[in-house]
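Please consider the arrangement of secondary structure in the model shown below. The paragraphs that follow treat a sheet and then a pair of helices.

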Amino acid sequence: MQVINTRVGLLSNYEVFSLLKDMQSEHKTHNTSDNVRFIQNETLRYLSDPAFPSTNQNEHVISSLLEQLSQFSTLTTAEKLMIVNIPPKSIVELYVIVEELEDRLSEQDIEAILSIVQSSLNHRADDLSGYSNANPTAPNPDQPLFEDDDEENAKYEMEAAEQEEFENADVGEDEGRAIDEVDE
Amino acid sequence: MFILSLVKDTIPVIPSNLNLEPSIAIRDSINSKYSNKILQDVGLSISLHSIIQSSQGYLQHSNGNVYYKVTFNLLVFRPFIGEILLAKVKSTNQHGIIASIDFFDDIWIPKNQLPEISEFDSAENTFFWLAGWEDGDPFTSSPEQRAYIDIGEQIRIRVEAEHFENVYPTPKKKQLDDQEEAVPTAYRLTASIDGQGLGIVSWWEQDDEDEQDDSAMDQ
């Protein structure tokens, strides 16, 4: 076994959910080992929790949500991924996802994001059937919605650096600050 | 919380599966080898995502398997540092909380990552949080003032650190001898519930409007 690339891309909860759902329906006619069945059922159980929107999301709701979020250039890919996975319904939920929310976004921006998220949640409740067929620009299912680019790798390395900082707790205040500044 | 990892491996297809489409037989073989396994420095592998490339099958003289050299994407659970996850409280002890997300139970929330002024109530065997407590000893508070973190409740956590460890199998006899010793797990996460919006989900739902007022006032 050889791991060529640890992180080709990030996957949203919805992508994992739909992949496992497809597999599960196949399993009824197919013998699989216990390990496979266990992890797939448990993962599906976790993602079926009412707290997650993955059960009634689809590619188009997500890509239109991402398109609308792209106007806020300060949001990182990771933050957008979290907005898609656990859509914030109130300021405090957005506050958890976006670091230093008040400094990076104005009050109007915050409200705009919340209303975009809210409308995308309503949308999928309204008409899901309209989306499921006839989609000329359906995203390639093999292509993750969140491509891993260099910037993202840089962020990941930074996070690794942050973790090191976390592990040796007596790193000075100054160093921690420097990492924050790169983040912005 | 999920990533794709590109992996290359030689995959055997056993003779009884040779009547299947090669892609299906390869998929099953990959899944039974990798599903629910922790790959060192990669994460918890969930299943095959897509096959990128495969060689033609090779036979060896020693058995009836057909071997394929396959390059494929694995679906892996590996939250990034700082990611927000929803989890459930699995158990608590006086040093901290163990959280679970159904398929992964090794999330540790140490006591120092709980919200400020949290204490362990040994009678209830859970932690409680006193929001805005300023009257000295936390144990003088009445039960109504305490926000308990009960087992089974849904909590929002932030991943603070990840730990990979090489775990070697121990001989059976030794295992019996040191049953007291905790067995290390190959992949663990350390998380925090200290901060606005973190912790039990319903804490923040009830105070929704107050919170909005508060943050409006802060600005």
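Which residue of β10(B) does F120(B) stand opposite? F120(B) stands opposite F127(B). The model is predicted, so that local features need pLDDT of at least 70 and side-chain atom pairs count only at pLDDT 80 or more, whereas totals for chains, interfaces and linings use all residues. Residues are numbered from 1 along each chain as its sequence is written, chains are lettered from A and ligands numbered from 1 in the order in which they are written, and side-chain values use heavy atoms, without hydrogens and water.

Strand β10 of chain B (residues 126-129) and β9(B) pair in the antiparallel sense over four bridges; pairing requires that DSSP find at least two bridges between two strands. Strands are DSSP runs of E with at least two residues, and helices are runs of H or I with at least four, numbered from the N terminus. The open sheet has three strands in the order β9-β10-β11 of chain B, with antiparallel pairing. Its edge strands, each pairing on one side only, are β9 (118-121) and β11 (147-149) of chain B.

In chain A, the axes of helix α3 (residues 59-69) and helix α4 (residues 77-85) come within 11 Å and cross at roughly 135°. Axes are lines fitted to C-alpha atoms, for helices over the stretch in contact, and angles run from 0 to 180 degrees between N-to-C directions. α3(A) and α4(A) are therefore oblique to each other; angles under 35 degrees count as roughly parallel, over 145 as roughly antiparallel, 65 to 115 as roughly perpendicular and the rest as oblique. I62(A), L65(A), L66(A) and L69(A) of α3(A) meet K80(A), I83(A) and V84(A) of α4(A), with contact meaning heavy atoms within 4.5 Å.
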